[in-house]
Amino acid sequence: KGTFKHSVSHWCYKKVVPDFRELCREVKAIGMQSIELTGPDEWEIMKEYGLTCAMGWDKYPEGVTLDKFYANPKNHDALEEYFTNLIPKAVKYGVKNLICLSGKRDLRTDYENLINCKNGIQRVIKMAEDNDITISMEYLNSKVNHPDHQFDNMEWGIALCEMVDSPNFKILYDIYHAQIMEGDVVATIRKYSDYISHYHTAG
């Protein structure tokens, strides 16, 4: 009925469908609108197939990884440059959402990492607001797949949203990761849906 806009994550299919243009054709044939976790080079190709990117990213700067992101203030300069370069490209291709991560705790307290993440995100959030781009931080589990990951519970993520205090900063709620950490997924979504920009549903 058009209630959901469906997307697939590129990395999940790289081995199954190595040719990106073939993936575009298959996604389009199935009736989906998006291939996400793609970047500007792929956006150019996707445009030919009438596809968009529901959640965008680009190759991270040197030293920045899934584990080394906003929680460590040493990465803030590189991440400011990263988003400053990526946001205009997202505007060009009509991409409305860009992903970010907290990174690991690395012996810092939850509160220290809240402050660190807030400070880093606030350096780019005005530009995101001015360009109608939402920056979304993904919830990952720390029990199975991502040991020591900071954003592994919804209360921490909501606290960060409140501290950043922008309609253009939200949560990418990954149901697989949330089920491992906290369960009670439906109740959480009902309670916090206003803070969520996007959902991942596989794992």
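## Burial

A residue is called buried here when its relative accessible area is under 20%. In this predicted model, buried residues account for 48% of the 203 residues in the protein.

## Fold and overall shape

The protein is built from seven helices and six strands. Their order along the sequence is β-α-β-α-α-β-α-β-α-β-α-α-β. The radius of gyration is 17 Å, close to the 17 Å that the globule rule gives for 203 residues, so the protein is as compact as a globular protein of that length.

The C-alpha trace spans about 45 × 35 × 30 Å along its principal axes. Of the contacts between residues at least 6 apart in sequence, 70% join residues at least 24 apart.

## Surface and charge

The accessible surface of the protein amounts to about 10700 Å². Carbon and sulfur atoms contribute 51% of that surface.

There are 24 positive and 30 negative side chains in the protein. The centres of these two sets lie 3 Å apart.

Strand β3 covers residues 97-100. Asn97 and Ile99 are on one side of the strand, while Leu98 and Cys100 are on the other. These four residues are all buried, and both faces of β3 are covered.

β3 pairs with strand β4, residues 134-138, in the parallel sense. Four bridges make up this pairing.

Conventions
Residues are numbered from 1 along each chain as its sequence is written. This is a predicted model: local features need pLDDT of at least 70, side-chain atom pairs count only at pLDDT 80 or more; totals for chains, interfaces and linings use all residues. Side-chain values use heavy atoms; hydrogens and water are left out. Helices (H or I, at least four residues) and strands (E, at least two) are DSSP runs, numbered from the N terminus. The radius of gyration is taken over C-alpha atoms; the globule rule is 2.2 Å times the number of residues to the power 0.38. Buried means under 20% relative accessible area, exposed over 50%, partly exposed in between (1.4 Å probe, protein chains only). Contact means heavy atoms within 4.5 Å. Accessible areas come from the Shrake-Rupley method with a 1.4 Å probe; for residues, only the protein chains shown count as cover. Lys and Arg count as positive and Asp and Glu as negative; His and the chain ends are not counted. The place of a charge is taken as NZ of Lys, CZ of Arg, CG of Asp or CD of Glu. Two strands pair if DSSP finds at least two bridges between them.
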